[in-house]
Amino acid sequence: MRKFDVKQLVICVLAVLAPRLCVAGAYPLVPALFMTGYLSGVNRSLIFLCTVGGLLVLAPLRIFLKYGLAVLLAALLVKAVELGCRKCKTAPAAVIAGGTTAAVTVVWQMMKIPDASTVAIGILEGVFVFCFVFLGTRLCYLFLDWEPLGRQPMPVYVQGGEKLNEYAQSFQQLAKTFRQMNRYRSDFTAEELGRMQNEVTGTLCVSCSQCAACWETEDTPMYQLLYRFLQSVQKGEDTEDSARDLGEHCVCMEEMMEQVTRVFEKAHLNMAWYNRLQENRDAIAQQLNAMAYIMEDCAKNEQDVTALEGKLTAAVRYALKENGVVCDSLRLLRKSGEKLEILFSGHTRGRQCVSVKELAKIISRASGHPFLPSQDARALLGEKGGRLSFLETTELTAYYGVARAVREGEQVSGDSFAFRLLDDGRCIMVVSDGMGSGYSACKESEMVIDLIEKFMESGFRPDTALQMMNSAMVTHGENNLFSTVDLACIDMDSGKGKLYKVGAAATFVRRGDQVTWIEDHSMPVGVFMNQVPGCEEISLKDGDFIVMVTDGTLDHLYVDDARETMADIIRSVDTSNPSRFSRQVLEQVLLFTGGRVRDDMTVLTAGIWKRQPGESADPNP
């Protein structure tokens, strides 16, 4: 039952005072206000008692009997319609209220019961009641949801939001500390060269019979000659001159050159491991920054705009009432992405059930905004009631289809893909091609896809998700296996999006008979730490197709320009079904290869369409 408040009290008080207004012996406000309150969500028992109490106190006995009978008959008939049809809309209820009022007056006249009104007045009274209920119910819903215009949106604080912000600041500071520790090295310092010199002489010269003559005289040039030789080796310069000068003073020149080479090899290995440690620190810093970002995003406040959207709330309540659904409470939240979320609590009348998808259609028609039930919502709403959440969806939707061919001699494809419509109104489609083929390539590409999916579902931006995934793959680094990534992230309201490519083949966009492609020349994921994924902005409209392919699809066309040929193939496809679209593209590619599959082939196609009212959120129903 809806919480009783001041606005309902006003309607009940008006019902009590209705018998004070008498027009030509008639009391039209009595049945009119009763049925309006009865249909508007006011407690039905309370409105009936207020109406009957007002008649008993303020009206003569004959008026009490007449209008008491009229309101009782109207209530019983509306209840009977609700039990039989699950709902009673305003128009039939208004007809019932006006009809019973006029009928009671006619019966009163036929029974010769003293009454100041006539049959004509009774008929006019019935017409008035019908119009009042029909118009008043709608206005009453608006009144029930009216709030003072000066009231501000009430923030809905995320539990622990301040604590999350504190955690985010800590992670950002820790990431900054890691970055300050990073000092990549590409050359040796003078101090390190000095240590190398000492190591060479300590290993070789200490056992040489000429050691004292070379190093213990005051005017020996060996220090300068050996240091110059080390500098030449370090810089990759020609060492012939410095070696010749050194050989004039050292009888073990060949052994010394071998020792210098060994020392430099060991020093370069140590430098590589040092830089690898710095890469790991960079990876940790990136992941800490990403964690800080997602914590700050989780701590953002949603806005409760129920008070500011009284007209919208009233329209939704009225539409639900018209379809036999009692709305106990209704709240509107504005999410961080400016989308609305409706939190509904209510039940159906009688023992009837209504599907949650049907409720979403009702809410969409009433509000003028497309809404869908949340993914974890129940399927039906019944007499016992429950709580439901409806999310404002996007203007566009997308369906996808995929066609794949496994390399000859292999059991599984090394390519992986994903397609998701996210709750925040974004659509993501990803294709990853693992290096090589078979189970090892499949495992690698699946890992990449799994990481990207998890990051994107958690709310990360695509570039942040790719950086985190790349850092994870750099530190992973088993068997030197790498994967390409082709990632499209599209805003399904505007159709604008970004295409991120990391070592991936060209992506094609078809609009009508026009086909364009986007490509980028970069290394696969996990090759080095600080690579920046190529990014191109795209804009899609109703009827457009975006086609992602792996390099196995393009590389084996054996034509002068594989991209132009693929564009011709895509242009020639005559279907709007994404699954058939992908199959037809792959079939035509196999015609070029003579049916041979020398590398894994994957064609992922997504079609963009304007969403129809009540359309499913499933991207591939």
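The structure examined here is a predicted model.

**The protein as a whole**

The protein has 621 residues, of which 49% count as buried. Its secondary structure includes 19 helices and 18 strands. Among contacts between residues at least 6 apart in sequence, 71% join residues at least 24 apart. The protein exposes about 30,700 Å², and carbon and sulfur atoms supply 56% of this area.

**Two pairs of helices**

Two packed helices are described by the angle between their axes and the distance between the axes. The table gives these values for two pairs.

| Helix pair | Residues | Angle between axes | Axis distance |
|---|---|---|---|
| α2 and α3 | 29–39 and 44–58 | about 165 degrees | 9 Å |
| α13 and α14 | 310–322 and 356–367 | roughly 135 degrees | within 9 Å |

How are α13 and α14 oriented to each other, oblique or roughly antiparallel? Their axes cross at roughly 135 degrees. Angles over 145 degrees count as roughly antiparallel and those from 65 to 115 as roughly perpendicular, so an angle of roughly 135 degrees falls among the rest. Helices α13 and α14 are therefore oblique to each other. The crossing of α13 with α14 is right-handed. On the α13 side, the contact involves L312, A315, V316, A319 and L320, which meet L359, I362, I363, A366 and S367 of α14. By class, these residues comprise 9 nonpolar, 1 polar and no charged.

The second pair consists of α2 and α3, which pack at an angle of about 165 degrees. Since angles over 145 degrees count as roughly antiparallel, α2 and α3 are therefore roughly antiparallel to each other. Their crossing is right-handed. Residues V30, F34, G37 and Y38 of α2 meet R44, I47, F48, T51 and L55 of α3. The contact of α2 with α3 divides into 6 nonpolar, 2 polar and 1 charged residues.

**A residue within a helix**

Is S582 buried or exposed? This residue belongs to helix α19, which spans residues 578–593. S582 is buried because its relative accessibility is 0%. Leaving aside residues up to four places away in sequence, S582 touches G401, V402, A403, V603, L604 and T605.

**Residues in loops**

M435 occupies the loop between β11 (426–433) and α15 (438–457). With a relative accessibility of 40%, M435 counts as partly exposed. G414 stands 21 residues from M435 along the chain, and the C-alpha atoms of the two are separated by 7.5 Å.

Most residues other than glycine have a negative phi, and most peptide bonds are trans. In A24, phi is near 55 degrees, a positive value in a residue other than glycine. A24 is located in the loop between α1 (6–17) and α2. Its relative accessible area is 48%, so A24 is partly exposed.

Y558 likewise has a positive phi, near 55 degrees, and is a residue other than glycine. The loop that holds Y558 runs between α17 (551–555) and α18 (562–572). Y558 counts as exposed because its relative accessibility is 53%, and the cut-off for an exposed residue is over 50%.

How values were computed
Residues are numbered from 1 along each chain as its sequence is written. This is a predicted model: local features need pLDDT of at least 70, side-chain atom pairs count only at pLDDT 80 or more; totals for chains, interfaces and linings use all residues. Side-chain values use heavy atoms; hydrogens and water are left out. Axes are lines fitted to C-alpha atoms, for helices over the stretch in contact, and angles run from 0 to 180 degrees between N-to-C directions. Helices (H or I, at least four residues) and strands (E, at least two) are DSSP runs, numbered from the N terminus. Angles under 35 degrees count as roughly parallel, over 145 as roughly antiparallel, 65 to 115 as roughly perpendicular and the rest as oblique. A crossing is left-handed if the near helix is turned anticlockwise from the far one by less than a right angle, and right-handed if clockwise. Contact means heavy atoms within 4.5 Å. Ala, Val, Leu, Ile, Met, Phe, Trp, Tyr, Cys and Pro count as nonpolar, Asp, Glu, Lys and Arg as charged, and the others, Gly among them, as polar. Buried means under 20% relative accessible area, exposed over 50%, partly exposed in between (1.4 Å probe, protein chains only). Accessible areas come from the Shrake-Rupley method with a 1.4 Å probe; for residues, only the protein chains shown count as cover.
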